[in-house]
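These are my notebook entries on the structure shown below. I record what I looked up, topic by topic.

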2 protein chains.
Amino acid sequence: MYEAFWKEAGERTAVVIPGWRGMSYFSDAGGLCWFLEPEFEREVRRLHRLVGNAAVDGYHLVVGTGATQLSQAAIYALSPADANHPIGVVSPAPYYSAYAPQTDLLLSGFYRWAGDANAMGGDSHIELVCSPNNPDGAIREAVLSSKPGKAIHDLVYYWPQYTPITGTAAHDIMLFTMSKITGHAGTRLGWALVKDLEVAKKMTYFVDRSTIGVSRDSQLRAAKILTLVSDAYDDDKDTRRLFDFAQRCMADRWQALRATVASTGMFSLPEETSGYCTFTKQIVPAYPAFAWLRCEKESVENCRELLRGHGVLAQGGELFGGDARCVRVNMLERDGVFDVLVQRLSSIE
Amino acid sequence: MYEAFWKEAGERTAVVIPGWRGMSYFSDAGGLCWFLEPEFEREVRRLHRLVGNAAVDGYHLVVGTGATQLSQAAIYALSPADANHPIGVVSPAPYYSAYAPQTDLLLSGFYRWAGDANAMGGDSHIELVCSPNNPDGAIREAVLSSKPGKAIHDLVYYWPQYTPITGTAAHDIMLFTMSKITGHAGTRLGWALVKDLEVAKKMTYFVDRSTIGVSRDSQLRAAKILTLVSDAYDDDKDTRRLFDFAQRCMADRWQALRATVASTGMFSLPEETSGYCTFTKQIVPAYPAFAWLRCEKESVENCRELLRGHGVLAQGGELFGGDARCVRVNMLERDGVFDVLVQRLSSIE
């Protein structure tokens with residue numbers, strides 16, 4: 001979806017990396033996160049200050065190979081090393097489908113995926129709080145009465161194109177990723193803002209041991225991309241503004257999808273919410289990155305199957321610990337793919 | 001050490017990545033390893049054919065965030081999923097010090113670091129075979145009478161600057177990494193050549209779940225770098241040949257180190273070995289990436305402590321499951337660092 005924006009922006013978006021640049025393992029040998037490129041860190045902090053979505057002062061920054069690696073690093077850092085059995089990792093259903101295999105398949109020595117947080121109690125779990133939530137776009141707070149420091153906030157969609165920025169988040173651990181801001185999924189680059197020094201050290205250790213740091217090429221490229229994003233808002237005359245572009249795209253797509261859903265009469269979507277956005281300084285609707293589409297027809301028990309029969313591929317609700325009457329529709333597909341999806345949905349009777 | 005080569009090679013070594021390139025998660029959506037850039041794969045296969053160090057025909061290529069991630073992926077792929085307890089992972093001492101924390105700290109559900117392979121028997125372990133070996137440069141074969149498919153060959157140093165290429169390796173799983181070939185450690189890019197389709201699929205799944213693929217920026221850059229390396233050998237007049245340069249550097253450094261060690265009379269090094277190299281077509285000595293330095297003075301039980309007292313930092317032998325009278329000296333440091341090291345060693349009495 002974002003490709004059009006970057007093509008339009010032209011040659012000035014290119015990063016040039018000479019053969020001798022960034023060869024060493026170390027980006028910042030004396031730093032806490034020694035594989036973090038200083039210019040990438042600078043641009044990340046600058047962007048958060050510009051948007052106002054997350055506190056950066058007093059926070060340590062840990063870079064990772066996408067938010068995926070960082071969520072594992074955070075769980076590792078919060079897991080008690082001396083426990084007799086693995087600590088449970090939970091999130092309220094519907095939850096991001098990748099949380100389960102990330103935790104259970106790879107890292108089951110210290111912790112174990114335990115499923116729906118709504119079914120748990122007490123303070124002996126680590127909770128992944130995804131807000132806005134993947135797959136349903138809901139704004140969430142931690143549901144477990146956890147001890148301090150046992151929640152991980154996955155805020156990868158807390159950007160102005162997806163939701164009004166209603167305040168500066170200041171949780172203990174906050175995860176972000178390039179792919180959901182600028183569309184650069186292929187750079188595999190995420191970061192964590194971490195309040196506690198010891199937790200930041202443990203997360204750094206995890207990334208060190210699992211991949212000996214993070215691609216410096218990706219960091220150099222991302223620094224360039226983020227510089228362009230912020231620069232456009234510093235210059236009153238610059239009209240090539242990423243969040244404006246992306247919000248218009250999302251608005252158009254949600255309008256098209258809601259119109260189609262209304263016309264078929266067979267499906268429902270979460271109600272549109274809106275709020276005052278401190279970044280755009282206006283009341284704006286939320287345009288989640290995914291649509292949590294529910295089939296309301298009594299006879300249909302599996303929405304994914306129904307859609308597949310009409311050439312629409314979507315992930316079934318049960319993957320997210322939720323209802324099979326729901327599916328997750330990706331709102332960030334390329335234009336052509338999204339148009340076909342809406343067209344095919346509209347033909348279902 | 002390689003930085004001088006790439007600086008000398010100049011501007012033509014630069015990679016240029018426009019803002020819109022490589023944005024998607026997918027590099028090759030229909031491929032087995034869907035996050036592998038086709039041009040990177042092409043250059044990797046070309047380089048192995050040029051050097052003749054490893055078979056590529058009939059092998060699947062899986063890319064990873066360094067050989068570190070791939071060794072975990074390979075162990076995961078070889079671990080029985082239905083075992084009641086974790087399978088042991090072993091390597092003969094002295095073994096690469098990072099094998100232990102990579103396996104034990106991160107991934108202890110399915111497997112567990114079990115230490116020195118020489119102390120084991122039977123066929124119930126996974127063996128990491130590092131050849132030439134880190135830390136001591138030894139040429140190794142699997143020591144356990146393992147079942148087929150239970151050895152992982154870590155061949156990251158099997159390149160002409162470090163050892164004569166004596167044959168085309170054709171093991172079940174072979175690991176390589178950019179950092180040890182061209183010096184680009186910061187790209188965090190490795191690959192595995194894998195004979196068995198199911199193992200390659202499992203390794204791909206591991207990389208998918210742990211980092212959702214591998215930086216495409218790193219792959220694009222590495223493709224460019226490897227193209228230059230191979231091109232120089234295709235053109236008879238090109239004198240900027242990486243392996244020639246690197247071998248000269250290694251020869252100079254080993255000569256300097258051996259002369260110093262001989263002059264102090266306090267230390268010993270593994271004996272120099274040599275062999276006919278099918279790549280250079282001459283008999284050449286091995287120049288390992290690390291020197292396994294042993295203190296021969298009776299009164300010294302900890303070589304690392306002794307060296308530290310003289311301003312020489314090296315990793316102690318016990319980290320590698322070996323003797324504390326030994327240390328691992330990095331032969332790939334920057335020129336200035338290496339020169340100081342030799343100078344300080346020569347002053348020890």
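**Entry 1**

I looked up the bridge partner of B:Val90 in β4(B) and found B:Gly115. The two strands concerned are β3 (residues 87-91) of chain B and β4(B), which pair in the parallel sense over five bridges. I take two strands as paired if DSSP finds at least two bridges between them. Helices (H or I, at least four residues) and strands (E, at least two) are DSSP runs, numbered from the N terminus.

I note here that the model is predicted: local features need pLDDT of at least 70, side-chain atom pairs count only at pLDDT 80 or more, and totals for chains, interfaces and linings use all residues. Residues are numbered from 1 along each chain as its sequence is written, chains are lettered from A and ligands numbered from 1 in the order in which they are written, and side-chain values use heavy atoms, with hydrogens and water left out.

I then traced the sheet as a whole. It is open, has seven strands in the order β2-β8-β7-β6-β5-β3-β4 (chain B), and its pairing is mixed. At the edges I found β2 (60-64) and β4 (111-116) of chain B; each has a single partner strand, so one side of each is left without a neighbour in the sheet. On average, neighbouring strands of this sheet are turned by 25 degrees against each other, direction ignored.

Helix α6 (residues 197-211) of chain B packs on this sheet and touches β2, β7 (173-177) and β8 (190-194) of chain B. The direction of α6 makes about 15 degrees with that of β2(B). For such angles, axes are lines fitted to C-alpha atoms, for helices over the stretch in contact, and the values run from 0 to 180 degrees between N-to-C directions. Contact means heavy atoms within 4.5 Å.

**Entry 2: a four-stranded sheet in chain B**

I next examined an open sheet of four strands, ordered β9-β12-β14-β13 (chain B), with antiparallel pairing. Its edges are β9 (267-268) and β13 (315-316) of chain B, each with a single partner strand, so one side of each has no neighbour in the sheet. Within it, strand β12 (residues 290-295) and strand β14 (residues 326-330) of chain B pair in the antiparallel sense over five bridges. I checked B:Trp292 and found that its bridge partner in β14(B) is B:Arg328. Helix α8 (residues 242-264) of chain B packs on the sheet, touching β9 and β12 of chain B, and its direction makes about 0 degrees with that of β12(B).

**Entry 3: a hairpin and its turn**

I followed strand β10 (residues 274-277) of chain B to strand β11 (residues 282-285) of chain B; the two run antiparallel and are joined by four bridges. In β11(B), B:Ile283 is the bridge partner of B:Tyr276. The two strands form a hairpin with four residues between them, and B:Lys281 in the turn has a positive phi of about 60 degrees. A:Lys281 is placed in the loop between β10 (274-277) and β11 (282-285) of chain A.

**Entry 4: cis peptide bonds in chain A**

I looked for cis peptide bonds. The bond from A:Ala93 to A:Pro94 is cis, with omega near -5 degrees, and A:Pro94 sits in the loop between β3 (87-91) and α4 of chain A. A cis bond also joins A:Ser131 and A:Pro132, with omega about -5 degrees; A:Pro132 lies in the loop between β5 (125-130) and β6 (151-154) of chain A.

**Entry 5: the interface of the chains**

How many residues of each chain are in contact with the other? I found 58 residues of chain A in contact with 58 residues of chain B. The area buried between them (accessible area, 1.4 Å probe, lost on being put together, summed over both) is about 4,600 Å², of which carbon and sulfur atoms give 58%.

I counted two salt bridges between chain A and chain B; the term means a side-chain nitrogen of Lys or Arg within 4 Å of a carboxyl oxygen of Asp or Glu. The side chains of B:Asp217 and A:Arg221 form a salt bridge (2.7 Å, N to O). I also noted that β1(A) and strand β1 (residues 15-17) of chain B pair in the antiparallel sense over three bridges, with B:Val16 as the bridge partner of A:Val16.

Definitions and conventions:
Buried area = accessible area lost by both parts, 1.4 Å probe.
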